Amino acid sequence: MITAGIDIGSITAKALALSGNEILGSRVAFTGYNPEQAAADIFGALLAEIGIERASIGAVVSTGYGRNAVRFADRAITEIICHAAGAYFQDPSVRTVIDIGGQDSKIISIADGGRVRDFAMNDKCAAGTGRFLEVMSRAMEVPLDSFGEMSRRSKSPAPISNTCTVFAESEVISLISKGVQRQDILAGLHESIASRIASMAARIGVAAPVMMTGGVAKNGGLVDALERCLSVEISVTPNAQVNGALGAAVLAAGGLEKK
Amino acid sequence: MEAMEFLRGVAADPHAYARKWKSSGGGRVVGYFCTYTPDELIRAAGCLPFRIFGSGGNMTRADAHLQSYSCSLVRGGLEEALSGRLDFLDATVFPHTCDSIQRLSDIWRLSACVPLHFDVVLPVKLNTASAGRYMVDVFKKFRSDLEGATGTGIDAEKISEEIRNSNRMKRILAGIYEARSADPLSISGGDVYSLIKSSMVMDRGEFIGLAEEVLAGLGPGASAGAGSLKRIVLAGGICSHPDVYSILERSGAHVVWDELCTGTRYFEGEISEKGDPVESLAARYMDRIVCPAKHSDIYARGKNIVRIARERKADGVIFILLKFCDPHAFDYPYMKESLDAGGIPSILLEIEEKLPPEGQLLTRLETFVSTL
């Protein structure tokens, strides 16, 4: 059976089609103002790309913050459960998932069989998430895609003391005006995010192996900082950003045991 | 059910109830923050005890007096007073509980413009004989302070009558809890919340009449579908968040019991109707399950939450703690460990008076419920 996962996140929408153990294709687009429309659009685009009729898709599971807006889905499942399922599908040995998306950051502890054992999630504040990095990207005129590579050139990361997005931005601006190098500011930002994630992770404990998922996993500089901060190796797969949609497609296929 | 509809209205706007009670010749309204307030003495003085639940609105005035690391109940309560929304209060009572409430008492006395002010300096350790004797003295002093301030004598028979009324109310609320535990679909979590909240702000006789009607209407027998719901116990201090119940119910779970100040800690433990009424009252406040600002056996709350979860066949426990509530936050780790040791799953929601965005909360609760 071919199944699909639709992950409507706060910034990006992801869709993925799965046939057995094979990923047929995936797409990423901005969610924008209307999550329902975004879901319909990205699903249509995915079907067109892989050349499959809607009727050939046996089951659709939606996830992400807009999951309940996806009317054509057969079921809505939280992104925490889907990220655990996606990570387990990619590597059944994974015991901890760090998922950093547009507005949420989550630490998910995985039990045998890919089930969620425990989780921690940021609450009111979006500091240290994708949106935080977007704000910094604008302040420093560095494209997000260059954050990882540029920060890795830093020899002495600048200390960033504020964890609030708005105050951190003004702190960054004052560092810029002091002439601190951009790579040092970037490395400092990554360290401040890593320590924030580490304190959340300490609440539930981090068991190896660890996988990072979500759009922010594409930032290698942050992954490095997290590895140093947590003293653990972190794997990132090419499917990191669509991992939630992957998990949704896996669960649409009838769960983890039947894989 | 008309009775339930009325109680929902009181819970949604307790201020309107208190104003109406007062204007229809009821007497004085006495605000209080905490269930260690011996409200039976206040009622015996002919006054209406009115629990203050903080403010549902934005803070504009309270933050000039209190640090941002005070809990939203304390800040919200002060906000209500400073904004004039509590101008129907004739008095406020502050029992000695957490640090923030004590300091709020000082700020309140100076800034809240409520004519009468009482500090009831309770003992902190509640498991010693000397504390028991001290508690009796504290209540006697509160009784005479009330008499002096209101110019009304509080005779022993009036106190005994209020004790009997309290016990009636406790039995009714316990009955409603039992009915819900037996059949979680017999009453919504939001309605139980409305019952508890209105019991804390209403004339007791009037509340008893309405709550009895609600209890009588619950009827026996389990509803279809109740068996597939996950059974949840709520733990913490004040839960003044009716939306939590509807979100949980949407997630396939139902609250079957609680360990809350706005719940079992308030109504469990009847008061002896024999002997000196003030001594009986003091004994009940000594014996009740402690709140984290008080001390009895160091493991009392941990044992209690495990006992509740077992007795109520709970699938999981949800701790709802107000952000910046130190006493609850310090008790949480060992209570969670007690549950872990008993194999009972739990989750912590640290919230303020205003809930986080619904999507966020729904994601957490749905995930937790689906792991049970």
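A nonpolar core is a set of buried Ala, Val, Leu, Ile, Met, Phe, Trp, Tyr and Cys residues joined through side-chain atoms within 4.5 Å, where buried means under 20% relative accessible area, exposed over 50% and partly exposed in between (1.4 Å probe, protein chains only). Welcome to a predicted model, in which local features need pLDDT of at least 70, side-chain atom pairs count only at pLDDT 80 or more, and totals for chains, interfaces and linings use all residues. Residues are numbered from 1 along each chain as its sequence is written, chains are lettered from A, and side-chain values use heavy atoms, without hydrogens or water.

**Nonpolar cores**
- The largest nonpolar core has 108 residues, and B:F50, B:L89, B:W108, B:F139, B:L195, B:V317 and B:F319 touch the most other members.
- Helix α7 (residues 156-182) of chain B gives this core its largest share, 8 residues; helices here are DSSP runs (H or I, at least four residues) and strands likewise (E, at least two), numbered from the N terminus.
- A second, separate core of 41 residues includes A:A85, A:V94, A:M121 and B:F368.

**Backbone features**
- Most residues other than glycine have a negative phi, and most peptide bonds are trans.
- A cis peptide bond, with omega about -5°, joins A:A208 and A:P209; A:P209 sits in the loop between α6 (182-204) and β9 (210-213) of chain A.
- A:S231 has a positive phi near 50° and counts as exposed, at 66% relative accessibility.
- B:F324 has a positive phi near 70° and is partly exposed, with a relative accessible area of 37%.
- The loop holding B:F324 runs between β7 (316-322) and α14 (326-341) of chain B.
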